[in-house]
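Dear colleague,

I am handing over the structure below, and I would be glad if you could look through it with the notes that follow it.

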Amino acid sequence: MTLRVLGVDPGLTRCGIGVVDVEKNRRATMVAFGVVGTSPDESLDQRLLVIATSIDDWLDKYQPHVLAVERVFSQLNVSTVMGVAQASGVVIAAAARRGIPVALHTPSEVKAAVTGSGTSNKDAVTKLVTKILRLDAPPRPADAADALALAITHAWRAGTGNSNGGAATTGPGSQSLTPAQRAWADAEAKARRAR
């Protein structure tokens, strides 16, 4: 069965959205991507309404099995964190109204999943997303590429058959993992053992 994941890179000014279909063999295909933009000149309620309406439209049109959202992480800029958290809340609530499960992934988790390194930059993520999805041109802007990376990350995690959602690095089917997936899974397993 193909898993359809809608990824969201939340933000008030630019909210990246990407839909990916991933087969059991981890082959990922881009379905759609875009960015919902709002102006800082608009009131907060109107900005959140634009994001909510757009997410509703995407969820209704593409009917994903799951929604993957970037987890808000600590930054020095509190207003940026608040805007990301507010946009995330609107997106998560839209999925909840439809009974669509929501998964949260950190930026470093996404980078590790698609590039093999949790410290990769945005250009590296975009380049690998373009390659993984077999696209002729990189998805632009970077917010859309990040949303597609979130969707890929979740599908690869969910599609492993492991109860912990991690990728198996040994045993049947492990040879189908890409080098980046193997590196990510190895790092994740090492972190679990260190706890």
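Five strands make up an open sheet of mixed pairing, in the order β3-β2-β1-β4-β5, where two strands pair if DSSP finds at least two bridges between them, and where strands (E, at least two residues) and helices (H or I, at least four) are DSSP runs numbered from the N terminus. The edge strands are β3 (28–37) and β5, each of which pairs on one side only, and the twist averages 20° from one strand to the next; axes here are lines fitted to C-alpha atoms, for helices over the stretch in contact, and angles run from 0 to 180 degrees between N-to-C directions.

Please bear in mind that this is a predicted model, in which local features need pLDDT of at least 70 and side-chain atom pairs count only at pLDDT 80 or more, while totals for chains, interfaces and linings use all residues. Residues are numbered from 1 along each chain as its sequence is written, and side-chain values use heavy atoms, with hydrogens and water left out.

Within the sheet, β1 and β4 pair in the parallel sense over four bridges, with Leu6 standing opposite Leu67 in β4. Helix α1 packs on the sheet, touching β1, β2 (14–22), β3 and β4, and its direction makes about 160° with that of β3; contact means heavy atoms within 4.5 Å. Helix α2 (residues 78–97) lies across β1, β4 and β5 and runs at about 170° to β4.

Strand β4 (residues 66–70) also pairs with β5 in the parallel sense, over four bridges, and the bridge partner of Glu70 in β5 is His105.

Turning to charges, the structure holds seven salt bridges, a salt bridge being a side-chain nitrogen of Lys or Arg within 4 Å of a carboxyl oxygen of Asp or Glu. One of them joins Asp21 and Arg4 (2.7 Å, N to O); Asp21 lies in strand β2 and Arg4 in strand β1, so this pair ties together parts that are 17 residues apart in sequence. Asp56 and Arg97 form another (3.3 Å, N to O), and, because Asp56 lies in helix α1 and Arg97 in helix α2, the parts tied together are 41 residues apart in sequence. Asp146 and Lys122 also form a salt bridge, with their closest N and O atoms 2.3 Å apart; Asp146 belongs to helix α5 (residues 142–158) and Lys122 to helix α4 (residues 122–132), so parts 24 residues apart in sequence are tied together. Asp146 is buried at a relative accessible area of 10%, whereas Lys122 is partly exposed at 46%.

Asp9, in strand β1 (residues 3–9), is buried yet has no salt bridge, and the nearest side chain of opposite charge, Lys122, is 4.7 Å away; Lys and Arg count as positive and Asp and Glu as negative, while His and the chain ends are not counted. Not counting residues up to four places away in sequence, Asp9 touches several residues, including Glu70 and Asp146.

With kind regards

Conventions: Buried means under 20% relative accessible area, exposed over 50%, partly exposed in between (1.4 Å probe, protein chains only).
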